[in-house]
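Please open the structure in your viewer and keep the selection panel at hand. The stops below are meant to be taken in order.

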Amino acid sequence: MFSERVMKLLNEQITKEFFSAYLYLHFANYYEEQGLKGFSNWFTVQAQEERDHALLFIKYMQNNDIKVTFEAIGKPDTELKEHIDALKAALVHEQYVTASIHSIYEAAYENKDFRTMQFLDWFVKEQAEEETNASDNIKKMELFGSESRSLYMLDQELGTRVYTAPSLVL
Ligand code: MG
């Protein structure tokens, strides 16, 4: 039922999601160092979501007797010089993850693997949200980031984000 290619791509996605978590912790740590604890909170919550995504891929594979192999997670080395840099890098990264999800979907579609397509539907929608959030953050920083009082208020706003478990349950 599952093609070799789909199984390989699913396994690779686990690593990509864990890398996303690691990358966002790198961003959170940068903002923490800059005294922007709200931004740090936002990316820490985002990292938790990315870990959840990885766990969902693992669970889906386990439920379907697809072998899981844990690969090495890369070093996040995005250079951060200005406050907006991490926000821009996050959007580029989410666009990369979207393309990755879509490529699994394409492989599943070609194999008439309807089960994997249905599993991925949630992620297709989730990626649209991730890109919107990342884009909104850039716009807000462009509008308010250059003035210290409005940057403070933006930091307060991002500090209110709380973690919620994913709506997809396997
Ligand atoms: Mg993700």
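Predicted model: local features only at pLDDT ≥ 70, side-chain atom pairs only at ≥ 80, totals over all residues.

**Stop 1: the metal site**

Select the magnesium ion together with Glu17, Glu50 and His53. These three residues coordinate the ion, the glutamates through OE and the histidine through ND1, at 2.1 to 2.2 Å. Read along the chain, the donors have the spacing E-x32-E-x2-H. Glutamate 17 belongs to helix 1 (residues 4-34) and glutamate 50 to helix 2 (residues 37-63), so this pair ties together parts that lie 33 residues apart in sequence.

Are they buried or exposed? Glutamate 17 is buried, at 0% relative accessibility, and glutamate 50 is buried as well, with a relative accessible area of 1%. The cut-off for buried is under 20%.

**Stop 2: helix 1 against helix 2**

Two packed helices are described by the angle between their axes and the distance between the axes. Select helix 1 and helix 2 and hide the rest. Their axes come within 8 Å and cross at roughly 165 degrees. Angles over 145 degrees count as roughly antiparallel, and helix 1 and helix 2 are therefore roughly antiparallel to each other. The crossing of helix 1 with helix 2 is left-handed. Colour the contact of helix 1 with helix 2 by residue class: there are 18 nonpolar, seven polar and five charged residues.

**Stop 3: helix 2 against helix 5**

For the side chains, select Lys37, Gly38, Phe39, Asn41 and Trp42 in helix 2, which meet Leu151, Leu154, Asp155 and Leu158 in helix 5. By class, this contact of helix 2 with helix 5 comprises five nonpolar, two polar and two charged residues.

**Stop 4: histidine 102**

Finally, select histidine 102, which is placed in helix 3 (residues 83-110). Histidine 102 is partly exposed, with a relative accessible area of 40%.

Key. Residues numbered from 1 in each chain as written. Heavy atoms only, no water. Donors = N, O, S within 2.8 Å, 3.2 Å for Na, K, Ca; no water. Helix = DSSP H or I, 4+ residues; strand = E, 2+ residues; numbered from the N terminus. Buried < 20%, exposed > 50% of the residue type's maximum accessible area, 1.4 Å probe, protein only. Contact = heavy atoms within 4.5 Å. Nonpolar A, V, L, I, M, F, W, Y, C, P; charged D, E, K, R; others polar. Axes fitted to C-alpha atoms, helices over the stretch in contact; angles between N-to-C directions. Parallel < 35°, antiparallel > 145°, perpendicular 65-115°, else oblique. Left-handed = near helix turned anticlockwise from the far one by under 90°.
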